[in-house]
Amino acid sequence: MSFEGEFAHYEPLRRLFSSEKVEKFLNELKVRDIATNASDVVKTVTKKSDLPDTNTIQPDLILAIDGSVAEAAVTKGFPNANYGCITIASVLIDLKKIHEIEEEKFPDPRAVNETESASTFESVFPGCNVFTSETEAPKEFLRRKIYEELQETSAFPDGGESLLDTYEYLLDIKLKNKGTPPKCPIEGYEDEPLIIQHGIYTHQASGKPLYSTDALRLHELMNPSGSNGELFGQIMSAFEKLWFINILRSFEKKGWLGTLRRVAFFIDGPLAVFSTPSWLASCISEEICRINDIQKKINNQDMIILGIEKTGTFCNHFQDLDTNREGIEDIFPRESAFLITDKYIKENIIFSDSSKPYGEDTYYGRKFFYKTSSGQRLVPVIASYSKQEKNLLTATPSQFSRLKDIMELLDSLVSSRYPNSITPLISAHAEAAIPFNMGQKLFEQIARQIIEREHS
């Protein structure tokens, strides 16, 4: 590690790049011919025009969900003390109103604002060296805070199911499917398996409290002496997914599943759960399949649930596929999708010789590449509702539910301002990053708008 103000000189760099070991290492590397690969991919794309027309009702309401997280330092107390602020935003976008406004030569700004309705909730979580009493260490404080925030939060504040209720329902699915239990979070008893129960209960040996949310193992991510960006990011991601399932379950409990044929759900990022709470992914998958089966008997069509990846390895690979050897882009055909198999991912995007399919333990949807009518590249993730759809050994249009409907939606919603993104998620991110409705829970009003649309 260098000293402050010290910079590397040219000579060590020259010596490094002329090293025989470095040269030998670079010569051993295998480099894939992206240009040849791209030409092969283009021959196998699925064109929107080749897909049969659907008899489904097209959604005219978009519900976009996004989260934001910020880490801040505590100015009093121990050094390096920090906490994280998390915001989850839901934005309902009325496509019908937008299309009406587009027909006007001079749209009324007030009418434009009325095309969106936003709801946010905010939470604060402790990081390292943050505590409220001498008897509750920072990690214990964090565990309690995660439980309490889920207990106090609901998409429908008028007595609806709390996020804790939703979480414990998913926890029961995990317990039903068994698996290896996590370790006890109590200091000195970390080698014991955690006995998982609902609510708050007591660890018999120590007398200290345990929480049903300890099974998320988020407390294990706490850095005891520095930044906790990863911890807060994973808390935000878990809350984001629970918020979405809470919405679906609340629609079921209120008897509103019939309205879902008019709504498309967009979630920022992949339909996946990573890190310590990754077990949620399989439970979420089971639950959305259950709800989809019920609403499909009413609506005669699958729900549209879509994640959008804006950055990362898959976005970078799609850009490579769309670029020839001369560096000229736009060689991938527009209004076309490349449906990805496990074999393609492991050979071209994320190398692996594992027999386990890519994302089997973390994803509840499937990725594909789509080039919109305007030329924008997108990496969507469509929710999977059956074993056949989840089977990554093959990639056919029938394995991507309502593929043509989704292509049409993406063509109309793609952003020309930001790469790899769509306008509803941009709106949701703006609300999450700058929560104009700070402290307000407006999802009840958003739901009412959906109901009114159904009966109009």
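This is a predicted model: local features need pLDDT of at least 70, side-chain atom pairs count only at pLDDT 80 or more; totals for chains, interfaces and linings use all residues.
Two strands pair if DSSP finds at least two bridges between them. I started there, with the sheet. My strands are DSSP runs of E with at least two residues, my helices runs of H or I with at least four, and both are numbered from the N terminus.

**Ground rules.** Residues are numbered from 1 along each chain as its sequence is written, and side-chain values use heavy atoms, with hydrogens and water left out.

**Overview.** I get 15 helices and 11 strands for the chain. Of its 456 residues, 51% count as buried (under 20% relative accessible area; exposed is over 50%, partly exposed in between; 1.4 Å probe, protein chains only). I also looked at contacts (heavy atoms within 4.5 Å). Residues 24 or more positions apart make up 73% of those with a separation of 6 or more.

I traced an open sheet of nine strands, ordered 1-9-10-11-8-7-2-3-4, with mixed pairing. Its edges are strand 1 (46–47) and strand 4, each pairing on one side only. Strand 4 (residues 116–126) is mostly covered, with eight of its 11 residues buried. It runs antiparallel to strand 3 (residues 82–94), and 11 bridges join the two. I checked one of them: Leu-92 has Ser-117 of strand 4 as its bridge partner. Elsewhere, strand 9 (residues 336–339) and strand 10 (residues 365–371) are antiparallel and joined by four bridges. There I found Ser-336 bridged to Lys-371 of strand 10.

**Helix 13.** Is this helix enclosed or open? Nine of the 11 residues of helix 13 (residues 403–413) are buried, so the rest of the structure largely encloses it. The buried set includes Lys-404, Asp-405 and Asp-411 as well as Leu-403, Ile-406 and Met-407. Helix 13 lies across several strands, among them strand 2 (61–73), strand 7 (263–268) and strand 11 (377–383), and runs at about 50° to strand 8 (304–309). For such angles I use axes fitted to C-alpha atoms, for helices over the stretch in contact, with angles from 0 to 180 degrees between N-to-C directions.

**Helix 8 and its neighbours.** The axes of helix 8 (residues 229–253) and helix 9 (residues 280–299) come within 11 Å and cross at roughly 25°. I therefore call helix 8 and helix 9 roughly parallel (under 35 degrees; over 145 is roughly antiparallel, 65 to 115 roughly perpendicular, the rest oblique). Their crossing is left-handed: the near helix is turned anticlockwise from the far one by less than a right angle, whereas clockwise would be right-handed.

On to helix 6 (residues 138–152): its axis comes within 12 Å of that of helix 8, crossing at roughly 25°. Helix 6 passes helix 8 in a right-handed crossing. Leu-142, Ile-146, Glu-149 and Leu-150 of helix 6 make the contact with Leu-231, Ile-235, Phe-239 and Leu-242 of helix 8.

**Cores.** I looked for nonpolar cores (buried Ala, Val, Leu, Ile, Met, Phe, Trp, Tyr and Cys residues joined through side-chain atoms within 4.5 Å). The largest has 68 residues, and Phe-244, Leu-248 and Ile-305 are among those with the most contacts inside it. Helix 8 gives the most to this core, 12 residues. A second, separate core of 29 residues includes Leu-95 and Ala-118.
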